[in-house]
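Please look at the sequence and the 3D structure below. The paragraphs after them go from the chains to the places where parts touch.

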Amino acid sequence: MNKWIFVLRQNKLVLAAVYAVFVIVTALSVYLSDKSVVSFLLLLSSFLLLYYTAFPNTVKWGIAGVLLLIVIPFATSGGASHESYMEVVTQCGIYIAMALGLNIVVGFAGLLDLGFIAFFAVGAYSYAIFSTPQVSNFISGNLFPLSGSWFWLFILLGGFIAALFGVLLGLPVLRVKGDYLAIVTLGFGEIIRLIFNNLSKPVNITNGAMGISSIPPPNLFGFQFTFPHQFYFIVIAILAVVLFGVRRLEHSRLGRSWKAIRENEIAAQAMGIPVIGTKLTAFAVGASFSGMMGVVFAAKQTFIDPTSFTLVESATILVMVILGGMGSVPGVILGAAIVTILNLQVLTELTNWFNQLTLNGIVNIPSALSPSKMQRLLFGVILVLMAIFRPNGLIAAKNRKVNEEKLKANLPKAAVPIGQSAKQSGGAFK
Amino acid sequence: MISEILQTLPQVLVDGLALGAVYAVVAIGYTMVYGILEFINFAHGEIFMTGAFAGTAALLTLKSAGLLGAMPGWLAYLLAFVIAMLLTGILGIGIERVAYRPLRKAPKLISFISAVGISFLLQDIVRFIADLKTGNFIVTGITLYDSNLKVAASSLWSVFGDAFIKTNTIIVLAAAVVLMIGLDLFVNRTKWGVAMRAVAQDRDTASLMSINVNKVIALTFFIGSALGGGTGVLFAQQYGTIDPYIGFTLGMKAFTAAVLGGIGNIRGAMFGGILIGLIEMLASTNLGILTGGSFGAEYKDVMSFLILIVVLIFKPEGLFGKAIKEKV
């Protein structure tokens, strides 16, 4: 076994061939079978394999792009369950973007946020209110409600409004630390949900618990996006932007400041990092990812109500980050994908299977034990087990290594005299 | 407007006191664990909920065995109360042993996440059991003392309206007072109480003074959880219907009470609980009147969360707590 892995590591050509065979076989089996959860999951796991291959990074990104844009849409289009596959992948994309946002707050900056879904709700409601007749309850004029072609602007706007709320939340809670912060953010999330739930009077803004329905689908030069396989491409595009942003931020000056604050706030302050501003940007950036996806969510569901934004949803995203590994971008992507697929595919398939068994009279499983109701139990088990046995997650975060020799070699020659003069001046002080 | 508020005031005070007593006893559980481990036991609200279900289950079992009619009401009440306290107390020790003790040296974030996990676990396990046994996870139990007494507050001052007080409200208040006084005596007068305070002050030094720290922490969890579970029974008796998700909101409010009184301070938690209960009742009755009907009782939970946020920002040490300087 080890020998084979060694061969694969050494010989890129063999590796590429094996990988291509894996992708083609799984893609074909998804294409040819009517509905096969197993082969679909295998196809998705090709991303995980890709992460562990020895290709250079740019090649990996290229392959991932080809898989996402060509292979997956094509492979799933074979059977009748095209839309349900695409729905799962689209939801995965939405949750991955949100988990990456929460990862900035929890993973990079170390601020535990239990009310993260509030920003998602803010994004979703901002598009929903302004694109439906709901808006004419408080703004008169012919401009509103906006049509579906405003969706594209609202992706940015939703992100911006969510970021604003992030700063609003951040400002007062900055004095609060650790687990207190977690409870305050939890309270904030509940407040936002309660307000959306009750803001049907004195002015009907959110239509209360009834929710807002018939939200217009996105419209690009007359082309309507209504099906999951069309939303898929919107989500992929946003996800690409988010991923690019996160990768750039992680090793930037700001990203390093976040990590410094996470490790030791007082020491970071002593090193001259502006703690307040840095924490606020963490909240704002994280919230904006969530807000953008909120807009997409509202347009995709065409109906939203406050029950989509409960504490369990916040916890779901937290579970994704903890499971994958706090502060680790590939880990968080893996965690988000696992949890979403578990929720949408594995649990529902198991429930259907159990129902079949019960109907056929083979075994009798009471509805109280149906797996689709076991979300909380599963999340609880995952959180406790991960906390005790693998606090760093499935793919632990790695700090970027710096090649010292290379840095020294690239140092401009002029730098040397400065070092000498420093020594000399040091001597002069003595 | 003022006369309306004054008219409902006696009833609000009675209901607020009962609710506040429940918050106060649950808040003690938060404060005790925080005092000793500096750790927010997020699952405490769920322990309260488990207690409510355990007590209700005990009463339902007694009824189906035909024993409930045979014994006096107070005995059944006491039995349910003691069973729930024992069960939740042991549950608390178990949770500490399994989910918190391995993480005592880990970063606070990690142990808090473990507590959140435990809280989800408990919610779903209780839901399973309730759903399996009764077919519905919302359970209506047997209320033992639900006759109403009239408090003729109008004879005191004609502006007041009369208030109605459930017999059970008196039991809730009495039980809460007994529990709180008992705990206060235990912590301040007994050897175990001294050990507890010593561990809270400095765990390492306490262990050098031949105090078994693990035992003391387990005891703290037992007492805190048993208090929470016992209050669960009182709550179920007072409000009749329970579901597996009552622990979350109530736990948050009790936590607010603990923070308001100064976390780690047992007497502060009692005071904070009563205060939060009164404020919540006042808000839910009068918000609608004060704002002319545009914001009603549905914002009462927002009020509690706002109090929590305001206290944490402006006076994080609470009303009776000591401010701590952060050490480098």
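This is a predicted model: local features need pLDDT of at least 70, side-chain atom pairs count only at pLDDT 80 or more; totals for chains, interfaces and linings use all residues.

Residues are numbered from 1 along each chain as its sequence is written, chains are lettered from A and ligands numbered from 1 in the order in which they are written, and side-chain values use heavy atoms, with hydrogens and water left out.

Chain A has 17 helices and 2 strands. Helices (H or I, at least four residues) and strands (E, at least two) are DSSP runs, numbered from the N terminus. Along the principal axes, the C-alpha atoms of chain A fill a box of roughly 85 × 65 × 50 Å. Chain B has 11 helices and 4 strands. Its radius of gyration is 20 Å, close to the 20 Å that the globule rule gives for 328 residues, so chain B is as compact as a globular protein of that length. The box for the C-alpha atoms of chain B, again along the principal axes, is roughly 65 × 55 × 35 Å.

Next, the domains of chain A. The domain assignment gives domain 1 (1–80) and domain 2 (89–323); such bounds come from an automatic or database domain assignment. Their C-alpha centres lie 32 Å apart. The contact (heavy atoms within 4.5 Å) takes 6 residues from domain 1 and 6 residues from domain 2.

The size of an interface is often given as the accessible area lost when the parts come together. Here, buried area is the accessible area (1.4 Å probe) that two parts lose on being put together, summed over both. Domain 1 and domain 2 of chain A bury about 550 Å² between them, 83% of it on carbon and sulfur atoms. On the domain 1 side, Trp61(A), Leu68(A) and Leu69(A) lose the most area, together 62% of what that side buries. Helix H4 (residues 57–76) of chain A gives the largest share of this side, 5 residues. By class, the side has 6 nonpolar, no polar and no charged residues. Nonpolar here means Ala, Val, Leu, Ile, Met, Phe, Trp, Tyr, Cys and Pro; Asp, Glu, Lys and Arg count as charged, and the others, Gly among them, as polar.

Last comes the interface of the two chains. Which helix gives the most to the side of chain A that touches chain B? The contact takes 42 residues from chain A and 49 residues from chain B. About 4,200 Å² is buried between the chains, of which carbon and sulfur atoms give 78%. In chain A, Tyr180(A), Ile183(A) and Arg376(A) lose the most area to chain B, together 17% of what that side buries. Helix H8 (178–198), helix H13 (311–324) and helix H15 (375–389) of chain A are the elements that give two or more residues to this side. H8(A) gives the most, with 13 residues. The residues of this side divide into 31 nonpolar, 4 polar and 7 charged.

Definitions and conventions. The radius of gyration is taken over C-alpha atoms; the globule rule is 2.2 Å times the number of residues to the power 0.38.
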